[in-house]
Amino acid sequence: MGAPPAVPDDPAAAAARARARRRRQLRRAAPPPRAAGTDTPPKPGQRFEWANTVLGAGSIVGGLMFYAGVMHSSAYFAYFHVRASILGFGFPQMIIWSLRLVTLPVLIGLALLAVTPRLPELLVSLRVPHRVTLGVRRAGRAVARQYVLFVAAGVVLMLLWQHIQPYGWAAPLLVATGLVLGQSDAANPVRPPRGPWRKGFPIAAAALFLVWVIALVAGHLGTQDARSTAAHLVRRPAVVVLSVERLSLTGPGLMTETLPGMHYRYRYTGLRLILERDRRYYVLPVGWRARTDPAFVIEDDDTILVQLMPGTRPRDGTGMQ
């Protein structure tokens, strides 16, 4: 007898077999499951890159803070006719001096500088209407394309240097801003800058102008702080100098007394302390004038006794006691 004719497959069974085959293929292609809360550990190269980035950024920030501290302290003590270089300040002291530049306007400016490049993304995350975000993008591109005007404005302000003080720092800041904007993709949509001449040189020049800005701002704040100290000199710690021999101390407000029969025969009062370092006391008379009067350096040794006392303090914020 002949073989029975072949029976065609059931369509439902064929579809079930096809689904099972696809599930097997997906299971083979899917990656093995990971435990909950675990992430792929970073590779050694990535760790080195992160550490290198952090150390590089920290070195740059530390160097700029040290430079700002040097500029601030130099301007501050120069107002009192003292060279900061002879005081022997180290790196930690200069970092502390640089913190004077950390003011509210500076912090606001740094925050805006950090947010501005990501402003469109921030607006999108805040669910700002699309037309507003698009307008911000267009405005940013339009500003970036005018980078030459920023540089030109900075150069013009440099030519008017004597007339823009004490805001001379605005001139190099405008030049640096223009140079940085000129390297953005928005300013060069067709041909982005590449190479050491078209990219490296403008960035290096912008960095130099920013260093100049830091020097100008730090120097201005140093002089401003020194003037404030001189204007409220009576509030500084009082210094009483007792000496075996007569000292050549003269100045407005300084008083000399003779103490017969005492080991320290001469007593000088009316002095205020500016700085004490390495047993040297930098003092000024209470009526000190910046244009005409000198600062005094008292070195504590066997022939001199230096006493420090509180200065005059305001009473209820109005009068002096």
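Visitor: How many helices and strands does the protein chain have?
Guide: The protein chain has nine helices and eight strands. Keep in mind that this is a predicted model.

Visitor: And what share of the residues counts as buried?
Guide: Of the 321 residues in the chain, 25% are buried. The chain exposes about 22000 Å², with 64% of that coming from carbon and sulfur atoms.

Visitor: Which residues make the nonpolar surface patch?
Guide: Leu 99, Val 102, Val 106, Leu 107, Leu 110 and Leu 113 make it, and the patch covers about 550 Å². One of them, Leu 110, sits in helix α4, which runs over residues 104-115.

Visitor: Switching to rings: how many aromatic pairs are there in the whole structure?
Guide: A search turns up twelve aromatic pairs. Phe 77 and Trp 97 form an edge-to-face pair, at 5.6 Å centre to centre with 70° between the planes.

Visitor: What does that pair tie together?
Guide: Phe 77 belongs to helix α2 (residues 44-78) and Trp 97 to helix α3 (residues 91-98), so their pairing ties together parts 20 residues apart in sequence.

Visitor: Is Phe 77 buried or exposed?
Guide: Phe 77 is buried, because its relative accessible area is 3% and the cut-off for buried is under 20%. Trp 97 has 21% relative accessibility, so it counts as partly exposed.

Visitor: Which residues do ring pairs link into a cluster?
Guide: The cluster links Tyr 76, Phe 77, Tyr 79, Phe 80, Phe 89, Trp 97 and Trp 288.

Visitor: Last one: of contacts between residues at least 6 apart in sequence, what share joins residues at least 24 apart?
Guide: In the protein chain, that share is 61%.

Terms used. Residues numbered from 1 in each chain as written. Predicted model: local features only at pLDDT ≥ 70, side-chain atom pairs only at ≥ 80, totals over all residues. Heavy atoms only, no water. Patch = residues over 30% accessible without salt bridge, like charges linked within 9 Å, V, L, I, M, F, W, Y side chains within 5 Å. Areas by Shrake-Rupley, 256 points an atom, 1.4 Å probe, with all protein chains shown as cover. Salt bridge = Lys/Arg side-chain N within 4 Å of Asp/Glu carboxyl O. Helix = DSSP H or I, 4+ residues; strand = E, 2+ residues; numbered from the N terminus. Buried < 20%, exposed > 50% of the residue type's maximum accessible area, 1.4 Å probe, protein only. Contact = heavy atoms within 4.5 Å. Phe/Tyr/Trp six-rings, centres within 6.5 Å; stacked < 30°, edge-to-face > 60°.
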